[in-house]
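This report considers salt bridges and nonpolar packing in a predicted model.

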Amino acid sequence: MILDELRQPIVQAPMAGGASTPELVAAVSNAGGLGFLAAGYLIPRDVRTQIRATRELTREPFGVNIFVPDTSTVDGPALARYRDRIATEAGRYGVELGDAVDEDDGWIGKLAVVREERVPVVSFTFGCPDSVVLAELKEAGCTVVITVTSATEASKAVAAGADALCVQGAEAGAHRGTFRNADPIDDTGLLPLLRKVSAAVDVPLIATGGLSSGADVAAVLVAGATAAQLGTMFLLCPEAGTRQVYRDALVREGRTAVTRAFTGRPARGLVNRFLNENSAVAPAAYPHVHHLTANLRGAGDPEVMSLWAGQAHEFARELPAAELVTTLASDARAAIAAAARRFS
């Protein structure tokens, strides 16, 4: 199992939208952690290009994350009302709203790419593929990881053949990995969720959700995780593809909240005007709302951008990715040793 062989128990979260560059992924893996490319929103050809670019930069294992297509029923009238509501906002910035289309994010093509490229680790978010898909990936030599947000989801994923799980607490930035978009938003924190999942299944667990320091990494390792996954802390790394306006927002104090306003799926981001004004009425319609708001989010104003961030975002620092990995791991070992001394 690749997770057991990591020199450092640090996983860089896959961050769709451009942050997870081959340079970032390779730097993390070369430092002994596990870097992840994000296939979300890319066409299959570009996923293959990024995989090959990463292999030019590292011989170490890395992963690719894929979005599972959403099959939830969408409330058409609610989606139409939401479009009407934000049309004025788009006009203010001189952009057109996108078409609220339903599509599967290149699902079949991306599965073919990761099988053909024999990617060491393939993870899934927004659901669990059926057992046939997982078996085909494992036959190609891929370790399969499923993102879960409850013990029920964990049991389903293991039954389908998952090799490991990424356990996502409510503190995590960006999209919640829930299997069903229409389900109520679960606010269970990472540590209690780890306890619930570890009581339900017996596979390696990657813990993620608001982690920002070596002490946090130590806490989840002691709680039973095999590795700790961080995303927001990597956004300021020079290797990350994070836009400057996003970088500037992350280092300012500010609270976060979970919202469907930007994409139609629950996701945690920095609170801004668009989030405040639209969270209460945004429909559970993904990827429809994601496409609807794309041009608006790209207008460059942080008040209408989806500034995904975990609850501890203010602790992010501009460090090279390799230095961040080694610092987190070293501080985690020190924290575990200090705790052991207190109880000896």
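Glu 116 belongs to helix H5 (residues 107–116) and Arg 48 to helix H3, so the pair ties together parts that lie 68 residues apart in sequence. Glu 116 is exposed, at a relative accessible area of 51%, whereas Arg 48 is partly exposed, at 22%.

A salt bridge also joins the side chains of Glu 117 and Arg 55 (3.4 Å, N to O), and this pair links distant parts of the chain, with Glu 117 in the loop between H5 and strand E4 (121–125) and Arg 55 in helix H3, 62 residues apart. Glu 117 is buried, with a relative accessible area of 10%, while Arg 55 is partly exposed, with 32%. Through salt bridges that share partners, Arg 48, Arg 52, Arg 55, Glu 116 and Glu 117 form one network.

## Another salt bridge

The structure holds 13 salt bridges, one of which is formed by the side chains of Arg 7 and Glu 60 (4.0 Å, N to O).

## Nonpolar cores

The largest nonpolar core has 91 residues, of which Val 64, Phe 124, Ile 146, Leu 165 and Phe 234 touch the most other members. Helix H13 (residues 321–342) contributes the largest share of this core, six residues. Apart from this core lies another, of 12 residues, including Leu 3, Val 11, Leu 34 and Val 121.

How values were computed. Residues numbered from 1 in each chain as written. Predicted model: local features only at pLDDT ≥ 70, side-chain atom pairs only at ≥ 80, totals over all residues. Heavy atoms only, no water. Core = buried A, V, L, I, M, F, W, Y, C linked by side-chain atoms within 4.5 Å. Buried < 20%, exposed > 50% of the residue type's maximum accessible area, 1.4 Å probe, protein only. Helix = DSSP H or I, 4+ residues; strand = E, 2+ residues; numbered from the N terminus.
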